[in-house]
Amino acid sequence: MNELPIIVVSPLIAGFLAWLLRVRGIREIIGVAGSLVPLALLIKLYPSLGGRLEFTINVAGFKLGLMLSHLTWVFSMIAAVVGFTAILGMVSTARDNWEWLFALMSLTGVLGVFMAYDLVTFFISWEVMTFASFMMVLRYNRHASLKYFILSIVGAYAMLIAIGLIYAKTGTLTFPEVSAIFSQDAMTKMMGGPGLFTKTETMLIYGLFLLAFGVKAGMFPLHVWAPDAYSETNQSYTAMFSGVLSKAGVYGFILLYILMYGKLIVEFGHFRSAPTFGYIIAFLGGLTIIVGGILAALQEDIRKLFAYSSISQIGYILVGLGVGTALSIEAAIYHAISHALFKGLFFLIVATLIYRTGKTEFKDFGGLAEKMPYTFAMAFIAILSLAGIPPLVGFTSKWLIFEAVIHENLPILGGMVFFGSAIGFVYLIRFTYAVWFGQRPSDIENTKDAPLPLAIAMGILGALNVIFGVAPGLVAQELNKIFGKTIIAGNIWELDLGFGRYNGLLLTIWMTIGLLIAAIIYFMGARVRRVPVTDTYQSGNPVTMEYNLTIRRNFFLPLKEAMAFWLRISFDKLYHDIWQSIEDFAETARNYIYNGNVQAYAWYLAIILIILAAMGV
Amino acid sequence: MSMPAKVVGEDKVKKSPSYVKPWLGLKYLFKKPVTIKIPYEKIEPAPKYRGFHTLDWKKCVGCNFCGQICPARAIEMTWIEIDGKMEKRPHPKIDYGRCTFCQFCVDVCPTGALGFIESYILTTTGEEEELVLYDWVPIHPDKFKEIQEEFKDWRYPVEKIDVNEETGEVTYYLRNGEIFKFKIVGYGIRPPKPQTQPKKEEKKSE
């Protein structure tokens, strides 16, 4: 038969087995094996990617299909790699078999989303993914999980309505057929003929898809679930939650391009050099970058900081997708890969920190670099990668996005992404300073380094961050295959855009030489000796460990004060108000309609009869 | 001895505002309104509702306790001549323009002469001759109750009071048609000087 269903279903089966077998040790082995199967099969299928890799099955009158193309392979690999490392991390941090079941179930869901061949499979997988991740959060925090669930459900059913509209008009649900009908419709429209879809319907479908995928990706006005859901769950799982599940939204936007690109351009035209519908996505993405970045800098909780950071980084991907050229979409997919790699690594580091210290807030951390050197090294890679320091993957992808935006001459979006890059540094400084450096509180004096499974998981992601950074062509050539033509030229070390080039290897070599020169200058200097952390400047006064010299609270107070006006505008509060109003409305309606008065019910009957009479029944 | 302070937490008292909950105020839209349609429906005042005063002229000893305790100084002792014969003691005259209906005067009355009844409605126009109604020497309780029983509308029992400024002649036109006449010959605790009736003055001095 076919490997495709095995790829999708194996994590679910493994999760179910791990849930059944409550034996400690065995359930871990089954779980990890379940997440390893998709990875191994995807690698095995790589050589045969050019051919038809499809699988269809008839279930309940629906043809459910799976398909593996270059695009879906790339996304599935993100899911498989980051999913595998996250599951490996869960060997240390999972508390019970509940988490094994739902973590693996969400991996199945997200693989299904990426490999779906038709809208039904897509929607079912989407719901499996949402449900499993909801259950993961539910174990930790009910409020956060329900917020996530309700927003996701609103998004998912918006998508269902859009799918229904498409099906009602086209009568088909498979991607190639829907895509063909839409492009044919665009062509008819361009010729001046009557389209299959009117402008209103197209706008409606676009809006519904924007809502559906925006929620999952954490796009700006719909991002409020993410900080709570990302922080209130197993942090190893969040590596997958933020690294992969949010990519489902990104993949959804790409799907929008695949299905309706021509039609949307014909209907809505261009804004500057970008398609209007894409510019909307890109502009919201730009706001996402700014809002996520600023809020990340102001968080006092390590998990929240990275949650907002995830939102901010998703914004880059949306900008890249929105600009809508082949280069920018490639850049966006590249950033999706690198975001999954470094944010997965970040959340594994957070998982390690929480696993070893049991603390989550910056005020409890400090000076851990000495006690956890391996984790610190991994954090260092992740920090350099996210901040976009050259030899790492984060630089490559951000550079590509910058190039794509600048090339299309979009100054506002350019300003937004550059601001986002700066604010990325800002919140990472906070993390670096407050967790790893400075004085160490006495209660985390005996912290040990990462446990082995987490260390291996971090090692895999760290190594990929470096490899894909030094050899950016590895990814770029794979992305070229998605479009079937060379968009980013060059070899595996070098990217050549035609108007700009970036050589990862050469840059690494030069940076190493630079570091060597710096090291020579440093080591040729005066004699060095170690001093205790309290032997410090402090305006020339003596200090002891009783003095807290590390700023651990309100690190960016001036930023907070400068942004005070804008921080008063909270979408979180808005959604809470809306939800509160809905709850109040439900209570009011219940009181009015089910009022316990028999005569009232008789009146309802009479009113219905009058309506029926008026309708002439 | 210091008692531990009992303070209810603010969160238990403070309510969160709502945009929708005010609509719950419409739940009385189909309920029976709790109004009393006054011209057509009547309400019964509570027993011993503090209304207008009654005075048993036979029992009143003119001690002026009521005048002293009245917080509004609405009571003035009045010397009265009825059927040409002057009462031995002054009787209280109550000004309903000042009276607060506290009924301290009733509580303090040593003989029980001053009482009150549940009737409480007295309406007039602003005309001088109608305003006279507010200033009266209360009538006998039995007479008042009789009128109240007859009309059952808790109104003031006198329809009109005629005062002859020169002779001091006062006429109560009661609601049941009866007419009650007497004459005010003076005010205060001391008996009036017999200026208008020199004969009586002479008799007394003799």
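Helix axes here are lines fitted to C-alpha atoms over the stretch in contact, and the angle between two of them runs from 0 to 180 degrees between N-to-C directions. The model is predicted.

**Helix pairs in chain A**

Two packed helices are described by the angle between their axes and the distance between the axes.

| Pair | Angle | Axis distance |
|---|---|---|
| α13(A) (residues 326–357) and α15(A) (residues 393–407) | about 155° | 8 Å |
| α3(A) (residues 70–93) and α17(A) (residues 452–470) | about 155° | 7 Å |
| α3(A) and α4(A) (residues 97–115) | roughly 175° | within 9 Å |

Angles over 145 degrees count as roughly antiparallel, and α13(A) and α15(A) are therefore roughly antiparallel to each other. The crossing of α13(A) past α15(A) is left-handed. On the α13(A) side the contact is formed by Leu327(A), Ser328(A), Ala331(A), Ala332(A), Tyr334(A), His335(A), Ser338(A) and Phe342(A), and on the α15(A) side by Val393(A), Gly394(A), Thr396(A), Ser397(A), Lys398(A), Leu400(A), Ile401(A) and Ala404(A). By class, the residues of this contact are nine nonpolar, six polar and one charged.

Ser328(A), a residue of α13(A), has 1% relative accessibility and so counts as buried. Apart from neighbours within four places in sequence, Ser328(A) is in contact with Gly320(A), Leu321(A), Val323(A) and Ala404(A). Ala404(A) is also among the α15(A) residues that meet α13(A).

Helix α3(A) takes part in two of the tabulated pairs. With α17(A), the axes pack at about 155° and lie 7 Å apart, an angle that makes α3(A) roughly antiparallel to α17(A). α3(A) passes α17(A) in a left-handed crossing. Residues of α3(A) in this contact include Val81(A), Phe84(A), Leu88(A) and Val91(A), and those of α17(A) include Pro453(A), Ile456(A), Ile460(A) and Leu464(A). The contact of α3(A) with α17(A) contains 12 nonpolar, four polar and no charged residues.

With α4(A), the axes of α3(A) cross at roughly 175°, which makes α3(A) roughly antiparallel to α4(A). Among the residues making this contact are Phe75(A), Ala79(A), Ile87(A) and Val91(A) of α3(A), together with Glu99(A), Trp100(A), Leu107(A) and Phe114(A) of α4(A). The contact of α3(A) with α4(A) divides into 13 nonpolar, four polar and one charged residues. Val91(A) is named in the contacts of α3(A) with both α17(A) and α4(A).

**Nonpolar cores**

The largest nonpolar core has 202 residues, and those with the most contacts inside it are Phe75(A), Phe122(A), Ile349(A), Leu353(A), Phe431(A) and Trp436(A). Not counting residues up to four places away in sequence, Phe431(A) touches Ile302(A), Phe306(A), Phe346(A), Ile349(A), Leu353(A), Phe362(A), Ala379(A), Ile383(A) and Trp436(A). A second, separate core has 36 residues, including Cys60(B), Ile80(B), Val106(B) and Phe182(B).

**Trp126(A)**

Trp126(A) is located in helix α5 (residues 119–138) of chain A. The relative accessibility of Trp126(A) is 1%, so this residue counts as buried. With neighbours within four places in sequence set aside, the contacts of Trp126(A) are Val113(A), Ala156(A), Met159(A), Ala212(A), Phe213(A), Lys216(A), Ala248(A) and Gly249(A). Trp126(A) and Ser152(A) are 26 residues apart along the chain, and their C-alpha atoms are separated by 9.8 Å.

Definitions and conventions: Residues are numbered from 1 along each chain as its sequence is written. Chains are lettered from A and ligands numbered from 1 in the order in which they are written. This is a predicted model: local features need pLDDT of at least 70, side-chain atom pairs count only at pLDDT 80 or more; totals for chains, interfaces and linings use all residues. Side-chain values use heavy atoms; hydrogens and water are left out. Helices (H or I, at least four residues) and strands (E, at least two) are DSSP runs, numbered from the N terminus. Angles under 35 degrees count as roughly parallel, over 145 as roughly antiparallel, 65 to 115 as roughly perpendicular and the rest as oblique. A crossing is left-handed if the near helix is turned anticlockwise from the far one by less than a right angle, and right-handed if clockwise. Contact means heavy atoms within 4.5 Å. Ala, Val, Leu, Ile, Met, Phe, Trp, Tyr, Cys and Pro count as nonpolar, Asp, Glu, Lys and Arg as charged, and the others, Gly among them, as polar. A nonpolar core is a set of buried Ala, Val, Leu, Ile, Met, Phe, Trp, Tyr and Cys residues joined through side-chain atoms within 4.5 Å. Buried means under 20% relative accessible area, exposed over 50%, partly exposed in between (1.4 Å probe, protein chains only).
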